[in-house]
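Here is a briefing on one structure, sorted by topic. Look at the sequence and the model first, then read the points below.

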Amino acid sequence: MMSLMTQKSIPAKKPLSDWFRRNVAKLVVAPTFGLIIFFVYGFIAWTGYVSFTKSKMLPTYSFEGFYQYIRLWKMTPWNVAMENLLVFGSLFILIAIVLGCLLAIALDQKVRAEGVLRTVYLYPMAISFIITGTAWKWILNPGLGIQNLVQSWGWESFSFDWLINSEMAIYTLVIAAVWQSSGFVMALFLAALRGVDSEIIKAAYLDGASLSRIYLVIILPTLRPVFLSCFFILTHMAVKSFDLVVALTGGGPGYSTIMPANFMYEMTFRRNQIGLGAASAMMMLATVMAIVIPYLYSELREKKNG
Amino acid sequence: MASLSIQNVKKSYGAIEVLKGIDLDLEDGEFLVLLGPSGCGKSTLLNMIAGLDTITDGEILIDQNVVNDVHPKDRDIAMVFQSYALYPNMSVARNIGFGLEMRKVTKEDREKRVDEAARMLQIDHLSDRKPAQLSGGQRQRVAMGRALVRDPEIFLFDEPLSNLDAKLRVEMRTEIKKLHQRLGTTMVYVTHDQIEAMTLASRIAILREGEVQQFASPQEVYEKPANMYVAGFVGSPPMNFVPAAVVSEDGKLGVSIERTANGNRSSVFLALPDDRQDVGDWIGRDVILGIRPETLTHRSDAEISLNKGLQAFDCQVEVLEPTGADTLTYIELGGREVIARVNPYNTTAPGETMAFMVDMGKASLFDPKTELRI
């Protein structure tokens, strides 16, 4: 068949090669496009459908309406998980952005060992959350880590037991996640700060603005796109955080630090509640959508106006 | 308004000396242009006047007060930057008023002054726009408005026109000149463009490798350049440099130059005017004769009879470059290419010999070794 085609295409060689040239871009993109359509959007649709069934260990396909969603929102662990997401997400995003931004500003003041410091701050990002979680589990373990160390220095009454305190354990997740991500935020901010025209800073100096004023009033407002990028990157990290919880607290004490992703995994793959797991996954998707869609809307609208 | 005095100012970055002792004195209301190629230290000097750069040695005085350790905001100066340096997130009006805002001027007063400055620069209809929505020329005006509204003692300009297109540059140049005439404020202007320097300055300081080559009025810089560097930097097309020998012929002092005419190579004697008898010590020695293209043109006997400085000679024409008003005529004198400005109706075809005259009264002589003016 191959030889047939080439033979046939000799007189019609030009139109064929023209067609190929016109469509080469589409041809190159097509396989990836197809795979994404199937494995990402196809599976989202499948999960969405399954969430409306009473699937247990194996998926069933009889439509049952919002049964799983009503069940989901009646479960205490799920409500705890959503609350945790809110607390962890907002604290993690806020602290990581503020800390990263301050680090970037500090490094932007022509520090001598900038290259070394930049690497030091950025390195945690190269480590997986499993390692971060394990390391912080040791550091925060009252019997092994900080509490033990300070007590061995002689401060016998010192106590730092957040990891085993069900009220405070969620904050240990914030500490570890901030430690890992703030360097990355710093790198983004530093790159943007380097792009700021140094003459603007000089002009502001002559206008009589103090350094803090220059940053607050002039430079940081121009970094709005970086703030948004950081916000969205950190948001999706927060929503899908799973491995950090597994490594650091295991969702405990009890289920006090469980996150929606852990809940979803537990239901779908351990407790044979595929329908319920699917419903929780859809709720996570909805959370992300609730943040991303207004952003896309405002960005696209702004472009039209600008 | 204020006088400005720069006394033996030096600047080094480590072992590299950028400014090697600059001395400049500026009267109240003068327009100083710092002219030089990139890397000559002119912008560094401006930054030091502004207080954005530290002074390694020497003193800068504004109104007889040493300002070496005075914070930029307390020097009462305003600066216009090359990139305009507008605050991108602020409206035009707030950009202009920001300096006043920082100086705690009341809102009413501020609005009045911003409005005044904006109207003077014809940007009052743009006050709500952001810098990104402005054209290059409009940004330039906003940058000037920001300086203007502060009503400073001294204005500093750091190559403010170099990012504009040619037409706009000429327009804004005139605008700056008008501004100086109206305000009468002392201004310091940095540029590498000699036409900007000539048109704007009341005095020009030509810098090269951190040293002042000449500090004089534009006319003096043009007519009596202190050395060959200044002579070559100022003027377009640049001054012609012709190797010549100082000789005495029939009791008259002059220079002898080699050239080709009617197919023969020979020397021609060009007498120097009587007031150049100081060159007497140079008889028999080589010099460089500097001739501006417009003082070298086609021969006119009527003019020669009126001006004793004019000397005639013949020379073969190499190339013609018509520019409309004049035709640039390339000839060869003393082994160097020389440009003459000739009326388009008096030109001769390339390869043929033409009669020229040169105004020796306006010629410069340079020492070939030191390159200094004799």
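**Where the chains meet**

Chain A gives 13 residues to the contact, and chain B gives 17 residues. The model is predicted.

**The chain A side of the contact**
- Helices α9 (198-206) and α10 (211-222) of chain A each supply at least two residues of the side that touches chain B.
- Six residues, the largest share of that side, come from α9(A).
- Sorted by class, the side of chain A that touches chain B has seven nonpolar, four charged and two polar residues.
- Buried residues of α9(A) are A:Ile200, A:Lys202, A:Ala203, A:Ala204 and A:Leu206.
- These buried residues of α9(A) pack against α10 of chain A, and also against α1 and β6 (77-80) of chain B.
- Just after α9(A), A:Gly208 has a positive phi of about 95°.

**The nonpolar core**
- The largest nonpolar core has 167 residues, and those with the most contacts inside it are A:Phe189, B:Val33, B:Leu34, B:Met79 and B:Leu156.
- Helix α8 (residues 169-194) of chain A provides 15 residues, the largest share of this core.
- Leaving aside residues up to four places away in sequence, A:Phe189 touches A:Gly100, A:Cys101, A:Ala104, A:Leu223 and A:Val226.

- Strand β7 (residues 154-158) of chain B is largely enclosed by the rest of the structure, because five of its five residues are buried.
- In a regular strand, side chains alternate between the two faces of the sheet.
- In β7(B), B:Ile154, B:Leu156 and B:Asp158 point one way, while B:Phe155 and B:Phe157 point the other way.
- β6(B) runs parallel to β7(B) and is joined to it by four bridges; B:Met79 has B:Leu156 as its bridge partner.
- Five bridges pair β7(B) with strand β8 (residues 186-191) of chain B, also in the parallel sense, and B:Asp158 stands opposite B:Val190.
- From β7(B) the chain passes through helix α5 (residues 166-183) of chain B to β8(B), a right-handed β-α-β crossover.

**The antiparallel sheet of chain B**
- Four strands form an open sheet in the order β2-β1-β4-β5 (chain B), with antiparallel pairing.
- β2 (16-26) and β5 (65-66) of chain B are at the edges with a single partner strand each, so one side of each has no neighbour in the sheet.
- Strands β1 (residues 4-13) and β4 (residues 57-62) of chain B are joined by five bridges, and B:Ile6 has B:Ile60 as its bridge partner.
- Helix α1 (residues 42-50) of chain B packs on this sheet and touches β1, β2 and β4 of chain B. The direction of α1 makes about 65° with that of β2(B).

Note on methods:
Residues numbered from 1 in each chain as written. Chains lettered and ligands numbered in written order. Predicted model: local features only at pLDDT ≥ 70, side-chain atom pairs only at ≥ 80, totals over all residues. Pairing = 2+ DSSP bridges. Contact = placed C-beta atoms within 7 Å. Axes fitted to C-alpha atoms, helices over the stretch in contact; angles between N-to-C directions. Core = buried A, V, L, I, M, F, W, Y, C linked by C-beta atoms within 7 Å. Buried ≥ 20, exposed ≤ 12 C-beta atoms within 10 Å, placed from the backbone. Nonpolar A, V, L, I, M, F, W, Y, C, P; charged D, E, K, R; others polar. Right-handed = clockwise from strand over helix to strand, strands pointing away.
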